[in-house]
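Please follow the explanation below with the structure open beside it, taking each passage in turn and locating the elements as they are named.

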Amino acid sequence: MSADLNSPFARDIAHHIHPQTNLRRHEAEGPLLIERGDGVYVVDADGKRLLEGMAGLWCASLGFSETRLVDAATRQMRRLPYMQTFAHRSFDPVVELSAELVGMAPAPMSKALFACSGSEANDTAMKLVWYYHHAIGRPEKRKIISRRRSYHGTTIASASLTGLANMHQDFNLPLAGVVHVTCPHHYREGLAGETEEDFAARLAAELEEVIEREGPETIGAFIAEPVMGTGGVVVPPRTYFERVQAVLRRHDILIIADEVICGFGRTGNMWGSQTYGIKPDIVTCAKGLSAAYFPISATLVSQAIYDAMLAESDKLGNFSHGFTYGGHPVGAAVARETLAIYRERDIVGHVRRVAPRLQDGLRRLSDHRLVGEVRGVGLMAAIELTMDKAARKPFPAERKVAGHLAGAIHRRGVLLRGLGDALMLSPPLIIEDAEIDVILSAVAESLDETQAWVAGGFG
């Protein structure tokens with residue numbers, strides 16, 4: 001089957017794609033229309049099989065044709081297609097899912113609150129920080145510290161937490177009370193001769209300075225992805241989270257772990273927090289929670305936070321938060337089946353077995369003239385492109401070199417994502433060695449093609 005990508009229908013679709021996409025370019029070219037999925041592959045409207053090296057948006061962890069998840073959704077649709085969790089109602093799938101998530105959390109948690117996206121989960125976390133501090137008599141502790149280049153969502157609140165300028169421009173964001181500190185990217189932010197440990201110590205000192213400047217009595221929480229995803233797969237420098245957490249605990253500041261991308265095996269542990277020794281008070285998760293087969297997210301809170309929520313709700317008469325589709329029975333059923341598959345197939349163990357092939361294969365490209373840095377952990381990685389390796393000089397943003405590289409890789413049958421100076425990889429967790437080799441081959445060939453394009457004056 002072929003499709004007219006310049007048809008009014010296709011052009012209309014181009015207006016509904018991800019907000020970080022160049023709409024004018026896609027309006028001219030038309031979108032890539034995907035028709036079906038098969039394992040780690042998807043098939044476009046022209047019948048071309050494409051290896052989905054980003055698992056969609058970091059989320060299709062079990063690929064695109066897992067019949068057990070389809071069956072789980074179908075069974076639940078027939079039994080109870082919808083019910084709300086307001087007014088003291090509940091149902092088995094969401095009760096059981098809550099217990100599973102609390103039981104497997106990377107730090108002791110008490111309760112789970114559900115929504116449909118990572119953005120909403122982080123929005124909820126921000127609200128609960130405020131609610132908690134009201135409940136314990138410290139309503140002035142409202143500010144949230146985030147990091148530049150972090151990604152926490154696109155709602156008004158979560159986009160404010162996000163540390164990407166393009167998510168703020170002309171949206172009148174961020175909201176007041178969100179403070180951003182330096183991105184922990186040693187390659188771009190480290191000083192000449194500065195070790196990772198020295199860099200981490202400097203960032204911890206900067207955090208302490210910001211807290212003192214803002215007033216520790218005004219700061220409610222610090223939010224962080226264990227590994228920054230959309231910001232470029234930024235892996236924290238050695239000792240970073242150890243040092244940062246010591247500062248936060250000293251000033252009685254809550255820690256929110258945004259596990260939306262890193263959770264459920266992506267880093268080689270069930271949680272990114274386990275990979276980097278993070279002990280959060282709140283955990284947000286989505287994406288891999290249902291392997292992207294149904295929109296569902298969760299915000300997990302500690303017992304101390306829940307106790308304060310309960311006391312404040314008793315005082316006010318109710319707990320005024322929730323979503324129509326929060327804890328949707330179909331989503332909960334799919335999520336429970338997803339967690340069962342992770343356990344039964346030892347998906348985390350599989351990630352640990354195949355990840356070295358991806359990470360080592362990419363690092364063999366480090367000597368390429370365009371490659372400044374290769375970084376990653378588990379089944380997430382990035383190649384940082386550079387115009388001048390010695391000076392670590394980035395390409396002019398308007399050249400969109402990472403996007404050009406991703407386009408060359410696409411022509412070779414692999415879908416990856418280029419943003420800024422980074423080419424990002426995040427394949428489904430079920431990927432096998434031979435499929436990783438397909439990605440590595442396409443990347444290597446496309447780097448050479450892109451180098452020729454750059455050498456020719458970007459013509």
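In this predicted model, helix H15 passes helix H16 in a right-handed crossing. H15 spans residues 401-411 and H16 spans residues 433-455, and the two pack at an angle of about 130°, with their axes 9 Å apart. Because angles over 145 degrees would count as roughly antiparallel and those from 65 to 115 as roughly perpendicular, H15 is described as oblique to H16. On the H15 side, the residues that meet the partner helix are Val401, His404, Leu405, Ala408, Ile409 and Arg411, while H16 contributes Ala442, Val443, Ser446, Leu447, Glu449, Thr450 and Trp453.

Helix H5 (residues 92-104) and helix H13 (residues 329-344) have axes that come within 8 Å and cross at roughly 40°, which makes H5 oblique to H13. Here H5 passes H13 in a left-handed crossing. From H5, the residues Pro93, Val94, Glu96, Leu97, Glu100, Leu101 and Met104 take part, and they meet Pro329, Ala332, Ala333, Ala335, Arg336, Leu339 and Arg343 in H13. The contact of H5 with H13 divides into 10 nonpolar residues, no polar ones and four charged.

At the level of the whole chain, the division is into domain 1, made up of residues 32-65 together with 347-456, and domain 2, which covers residues 68-345. The centres of domain 1 and domain 2, taken over C-alpha atoms, are separated by 27 Å, and the contact between them draws 38 residues from domain 1 and 33 residues from domain 2.

One further residue deserves a look on its own: is arginine 36 buried or exposed? This residue lies in strand E1, which runs over residues 34-38, and with a relative accessible area of 52% arginine 36 is exposed, because the cut-off for that description is over 50%. Leaving aside residues up to four places away in sequence, arginine 36 touches Val42 and Val43. Cysteine 59, by comparison, is 23 residues apart from arginine 36 along the chain, and the C-alpha atoms of these two residues are separated by 16 Å.

Notes
Residues are numbered from 1 along each chain as its sequence is written. This is a predicted model: local features need pLDDT of at least 70, side-chain atom pairs count only at pLDDT 80 or more; totals for chains, interfaces and linings use all residues. Side-chain values use heavy atoms; hydrogens and water are left out. Axes are lines fitted to C-alpha atoms, for helices over the stretch in contact, and angles run from 0 to 180 degrees between N-to-C directions. Helices (H or I, at least four residues) and strands (E, at least two) are DSSP runs, numbered from the N terminus. Angles under 35 degrees count as roughly parallel, over 145 as roughly antiparallel, 65 to 115 as roughly perpendicular and the rest as oblique. A crossing is left-handed if the near helix is turned anticlockwise from the far one by less than a right angle, and right-handed if clockwise. Contact means heavy atoms within 4.5 Å. Buried means under 20% relative accessible area, exposed over 50%, partly exposed in between (1.4 Å probe, protein chains only). Domain bounds come from an automatic or database domain assignment. Ala, Val, Leu, Ile, Met, Phe, Trp, Tyr, Cys and Pro count as nonpolar, Asp, Glu, Lys and Arg as charged, and the others, Gly among them, as polar.
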